[in-house]
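This report describes the fold and the packing of the chain shown below. Please keep the structure in view while reading.

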Amino acid sequence: MGEIILNVDVRDGVGTGSARAARRDGFVPGVLYGGDKAPVAISVNEKDFRKSLYTGKLLGHLVTLKYGEETQPVIAKDVQFDPVSDRPLHFDLMRVDEKAPVKIEVPVHFLNADEAPFARQGGSLEVVRHAVEILVRADQIPEELVVDLAKSQMGDTIRISDIKLPKGAEATITDRDFVIATVKVSSAALSAAADEAAEAEGAPIEKTEG
């Protein structure tokens, strides 16, 4: 089971009125779905929900849903926030079998960009995918997919095959070795190189007297 436990209550009704009532009472409304069961309207104490959110181990992770004495593994698939106050407004939980594979988006994290050879050469990293959807066992979902840029050179292309996935996991896109990021020459570096070339071309050849 997951490290986080969400103590939920079952709500009556699934409309906006029920959701508003839950928020007025200090709860975040949500929906539990998936498996072979019907969706259930639930709610979680907002303070507890915020604490779980701030750990960074709620969204996209295996957590334990608790209702009375019953527990079950779920994955927090989505959380909606108020655009002004950033208050959590709604969440979706998906029922899972913790030993079974699930499709989940995992963020990509790039390491050592500042120390990479391309950084010293004036290159820049252009990220194509900030997250990748993978098929992985629910109890083995990684925190992130790591790309080490320590040896990356100008012109390099980072593909999904360059990322080490958890054992048994695979990307859901299987028909190609898709691009995660590319290393490009920055406009500043191109401009500097052009200036150097122009100077070298136009500079007079100085003769030294012996």
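## Terms and basis of the model

A residue is called buried when its relative accessible area is under 20%, exposed when it is over 50%, and partly exposed in between, with a 1.4 Å probe and protein chains only. Helices (H or I, at least four residues) and strands (E, at least two) are DSSP runs, numbered from the N terminus.

This is a predicted model, in which local features need pLDDT of at least 70 and side-chain atom pairs count only at pLDDT 80 or more, while totals for chains, interfaces and linings use all residues. Residues are numbered from 1 along each chain as its sequence is written, and side-chain values use heavy atoms, with hydrogens and water left out.

Helix 2 spans residues 46-54, and within it E46, F49, S52 and L53 are buried. These four residues lie on the same side of helix 2 because they cover an arc of only 120 degrees around the axis, the arc being that of the directions from the helix axis to the C-beta atoms. An α-helix has 3.6 residues a turn, so residues three or four places apart point the same way. On the other side of helix 2, K47, K51 and Y54 are exposed.

The cover over the buried residues of helix 2 includes strand 1 (5-10), strand 2 (27-33), strand 3 (40-45), strand 5 (70-81) and strand 6 (88-95); contact here means heavy atoms within 4.5 Å. Just after helix 2, G56 has a positive phi of about 75 degrees.

The chain has four helices and 13 strands. Six of the strands close into a barrel in the order 1-3-2-6-5-4, with mixed pairing; two strands pair if DSSP finds at least two bridges between them. From one strand to the next, the twist averages 45 degrees. Axes are lines fitted to C-alpha atoms, for helices over the stretch in contact, and angles run from 0 to 180 degrees between N-to-C directions. Helix 2 lies across strand 1, strand 2, strand 3, strand 5 and strand 6, at about 85 degrees to strand 3. Helix 1 (residues 16-24) lies across strand 2, strand 3 and strand 6, and runs at about 135 degrees to strand 2.

Strand 1 and strand 4 (residues 62-67) run parallel and are joined by three bridges; L6 has L65 of strand 4 as its bridge partner. Strand 4 and strand 5 run antiparallel, with six bridges between them, and L62 stands opposite I75 in strand 5. Two residues separate these strands in their hairpin, where G68 takes a positive phi near 65 degrees.

## Nonpolar cores

A nonpolar core is a set of buried Ala, Val, Leu, Ile, Met, Phe, Trp, Tyr and Cys residues joined through side-chain atoms within 4.5 Å. The largest one has 28 residues, and I75, V132 and I180 have the most contacts inside it. Two or more residues each come from strand 7 (101-111), strand 9 (131-137), strand 10 (145-148) and strand 13. Strand 7 gives the largest share, five residues. A second, separate core of 17 residues includes L53, L58, L65 and A76.

Strand 7 and strand 9 pair in the antiparallel sense over seven bridges, with I104 opposite I134 in strand 9. Strand 7 and strand 10 run parallel and share four bridges; there, L111 has D148 of strand 10 as its bridge partner.

Three strands form an open sheet in the order 8-13-11, with antiparallel pairing. Strand 8 (123-127) and strand 11 (157-159) are the edges; each has a single partner strand, so one side of each lacks a neighbour in the sheet.

T182 is found in strand 13 (residues 179-185). T182 counts as buried because its relative accessibility is 16%. Strand 11 and strand 13 pair over three bridges, and T157 has T182 as its bridge partner. Leaving aside neighbours within four places in sequence, T182 is in contact with S124, L125, E126, D156 and T157.
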